[in-house]
Amino acid sequence: TTSTTYSPFNKTFNLQLGSPYGKLIIGEQFDPAWTATVRGDPRDGKQTYDALAAAWSSGQGTGTPQSSFNPTNALGYQLNVGALSIGLLYKPSTNGNATASVPFDDNHSVGQQQSIGLAYDDGTWLLTGAFMQKWGNTTAVHGRDVRNWTLGVGRHFGNVLVRAGVSDVDLPYGVRGSPLGTATTPWPNITDPQEYLMGYVGAKWNLDPHNVMDLSYSYSYDRLNHENNAQMLVLGNDYSITRNLTFFVSGALIKADDEANPLTAGTSPGNVAAPGTLSVSTLTGLRLRF
C-alpha cells in the first residue's frame with residue numbers, strides 16, 4: 001500500500017496461507033458470520049424479498065449498507081472438519097479505520113470487528129450459527145455499533161431442503177448509513193436505537209438440475225417499537241437456460257405495520273413496502289454470470 005492509514009494491506013490485497021490445519025487469510029475477505037447466515041437462509045441471501053438479507057445488509061449502524069460483509073485489513077481463519085465448517089474473523093482497530101478524529105483513549109476500539117460462523121451439513125441435517133459485532137469509527141460513535149447473531153436449522157428430504165431460524169440485529173445507535181435516500185425521510189425513527197428479532201422458515205425444491213423453486217415466510221419486529229414490524233410470504237423460481245444464464249421470477253405478499261422501516265419491510269436494495277399497507281410485488285429477469 002502507498003497510503004498512510006497505518007494499515008498493513010490496502011482494500012484489494014489478500015494473502016492466504018493454507019495447511020491441513022486450516023487456512024489463514026490476511027486482508028480483505030468475506031465475513032464468516034454472513035457466510036454462515038446465508039447457509040441457513042431459505043432465500044440463500046438473495047437481494048430480493050429476503051428479510052434476513054435486508055436486516056443484515058441495511059442494519060450497519062453508522063456504516064454504509066453491507067459494509068461488514070467484506071471487511072478490509074482483517075485476519076481470518078477457516079477450517080473444514082468433515083461436515084463442519086468453522087470461520088473466524090478479527091479486524092483490529094487502526095487509525096485508518098476512523099472517519100473522524102477520535103479521542104486517543106477510545107481509539108483502541110475504532111473500527112474493530114469480530115465474527116464467527118459455524119455450519120454443519122451432513123447431507124441430512126443442516127445446522128448454522130453466526131455472531132458478529134462491529135465498533136463505530138466516528139467521534140460520536142466509537143463504542144459497539146452493530147451486534148448480530150443468527151441460529152438456523154435445516155433438513156434435507158431428497159431434493160427438498162427445509163430451513164428455519166431466528167436472527168437478532170442490535171443497533172444501539174440506530175442506522176446512520178441511510179439504507180435508502182436520507183435517514184430521516186421517510187423513516188424518521190431509523191436513527192433511534194433498534195433491536196430486531198426475526199423468525200423465518202422456508203423450503204427449497206430442486207425440481208431438476210436446471211429448475212429450483214423456493215417458498216419462504218418471515219416475521220420481523222423491533223423490540224423497542226412494536227409498530228415497526230412486517231411479515232413477508234415469498235414464492236420464487238430459478239431456471240437455468242445455460243450454465244451461465246438463469247431466468248428468475250418471484251413474487252411476494254408483504255404486510256407492513258404502521259411504522260415499518262427498511263430493516264423490517266425491505267424487499268430489495270431499492271424498495272421498501274409502504275408502512276401500514278398490504279402489498280403484492282413481483283420481479284422477473286435474467287442473470288448472467290461471466
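A residue is counted as buried when its relative accessible area is under 20%. In this predicted model, N73 has a relative accessible area of 13% and is therefore buried. N73 is found in the loop between helix 2 and strand 3 (74-81), and its phi is near 50°, a positive value in a residue other than glycine. A positive phi also occurs at Y49, which is not a glycine and has a value of about 55°. Y49 lies in the loop between helix 1 and helix 2; with a relative accessible area of 4%, Y49 is buried.

Two packed helices are described by the angle between their axes and the distance between the axes. For helix 1 and helix 2, the packing angle is about 170° and the axes lie 11 Å apart. Angles over 145 degrees count as roughly antiparallel, and helix 1 and helix 2 are therefore roughly antiparallel to each other. Their crossing is right-handed. On the side of helix 1 the contact is made by A33, W34 and T37, and on the side of helix 2 by L52, A53 and W56. Of the residues that form this contact, five are nonpolar and one is polar, while none is charged.

Burial within helix 1 (residues 32-39) involves P32, A33, W34, A36 and T37. The cover over the buried residues of helix 1 includes helix 2 (51-58), together with strand 4 (84-91), strand 5 (113-121), strand 6 (125-135) and strand 7 (144-157).

In soluble globular proteins, nonpolar side chains tend to be buried together. The largest nonpolar core of the model comprises 32 residues, of which W56, L171 and A265 touch the most other members. Two or more residues are given to this core by each of helix 1, helix 2, strand 6, strand 8 (160-171), strand 9 (194-208), strand 11 (225-240), strand 12 (245-256) and helix 3 (262-265). Helix 2 gives the most, with five residues.

The surroundings of W56 were considered individually. When neighbours within four places in sequence are left aside, W56 is in contact with A33, W34 and T37, and also with F69, M132, N148, W149, T150, S167 and V169.

Technical notes:
Residues numbered from 1 in each chain as written. Predicted model: local features only at pLDDT ≥ 70, side-chain atom pairs only at ≥ 80, totals over all residues. Heavy atoms only, no water. Buried < 20%, exposed > 50% of the residue type's maximum accessible area, 1.4 Å probe, protein only. Helix = DSSP H or I, 4+ residues; strand = E, 2+ residues; numbered from the N terminus. Contact = heavy atoms within 4.5 Å. Axes fitted to C-alpha atoms, helices over the stretch in contact; angles between N-to-C directions. Parallel < 35°, antiparallel > 145°, perpendicular 65-115°, else oblique. Left-handed = near helix turned anticlockwise from the far one by under 90°. Nonpolar A, V, L, I, M, F, W, Y, C, P; charged D, E, K, R; others polar. Core = buried A, V, L, I, M, F, W, Y, C linked by side-chain atoms within 4.5 Å.
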